Amino acid sequence: VVYFNGAEKTSINLTMTIEGVKVKSDTDKWEDISNAKLEVNSIKTTGKQIRVGGVFINSGKYKGVEVTISAARMLEDGKEMELLGKGEKKEVFIPFGFNVFPETNTPLFIDWDPVKSVKVNYIFNPVFKVSTRKFEIRGVMVYVSNEGSNNISLIDRSSKKVVSVIEVEAGPKGMTATPDGTRIYVANSRADSISVIDTDRKSVV
């Protein structure tokens, strides 16, 4: 599962169209995450998070993420400037090593820095950073069941952003926590089973 995080604050109005996200394995094989076009604006996405896509990919080691951008424009002093030529595409590879394990969700978070993405003379050179987990110590986690995708999203209540995803069995629906909050029991409606989540380890036991 890949999430796009807007900047916490920004001083420019920049819009770009992402038309592809893929990851590269240690053996130089590419795995597509999303081919759907996604338009993001630096102002509208400030402090917000967008789900880019989620697919099953082969387990193993990966060494980076590539984002393909097909359009970019900037609004300044009431004037709109195109930062990419017609038909031009910008492919940005972000080196980042991570592992994908069998039957496990691996969330990827792409942080965008719109200010650093525009250089002198309006040269467009997008700046991204990738991470796999973004736990906030100060945050209180909210657990949300995703019945259609067979997982549980962990949301930091202070930032209102997904920080991790836990794989469970088919059709997670109802959840209940122990009084001390150390365990969460998830009813998997289509698997007729119960998953138990350790809230300290943020994983199924």
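Mentor: A nonpolar core is a set of buried Ala, Val, Leu, Ile, Met, Phe, Trp, Tyr and Cys residues joined through side-chain atoms within 4.5 Å. Buried means under 20% relative accessible area, exposed over 50%, partly exposed in between, with a 1.4 Å probe and protein chains only. This is a predicted model, where local features need pLDDT of at least 70, side-chain atom pairs count only at pLDDT 80 or more, and totals for chains, interfaces and linings use all residues. Residues are numbered from 1 along each chain as its sequence is written, and side-chain values use heavy atoms, without hydrogens and water.

Trainee: What makes up the largest nonpolar core?
Mentor: It has 30 residues. Phe4, Met16, Val65, Ile69, Ile110 and Phe128 have the most contacts inside it. Strands S1, S2, S6, S8, S9 and S10 each supply at least two of its residues. Strands here are DSSP runs (E, at least two residues), numbered from the N terminus. S6 gives the largest share, 6 residues. A second, separate core has 10 residues, including Met141 and Leu154.

Trainee: Which residues is methionine 16 in contact with, beyond four places in sequence?
Mentor: Contact means heavy atoms within 4.5 Å. Among the partners of methionine 16 are Phe4, Leu38, Ile69, Trp112 and Phe128.

Trainee: Why does asparagine 41 count as buried?
Mentor: Its relative accessibility is 12%, so asparagine 41 falls under the cut-off and counts as buried. Asparagine 41 lies in strand S4, residues 38-41.

Trainee: What joins the side chains of asparagine 41 and asparagine 13?
Mentor: A polar contact of 2.8 Å. The term needs a pair of N or O atoms within 3.5 Å; within protein, one must be able to donate a hydrogen and the other to accept it, and residues adjacent in sequence count only if both atoms are side-chain atoms. So 2.8 Å passes the distance test.

Trainee: How do you know that S14 and S15 pair?
Mentor: Two strands pair if DSSP finds at least two bridges between them. S14 and S15 have 4 bridges, in the antiparallel sense, so the pair qualifies. The open sheet runs S14-S15-S16-S17.

Trainee: Why are S14 and S17 at the edges?
Mentor: S14 and S17 each have a single partner strand, so one side of each is left without a neighbour in the sheet.
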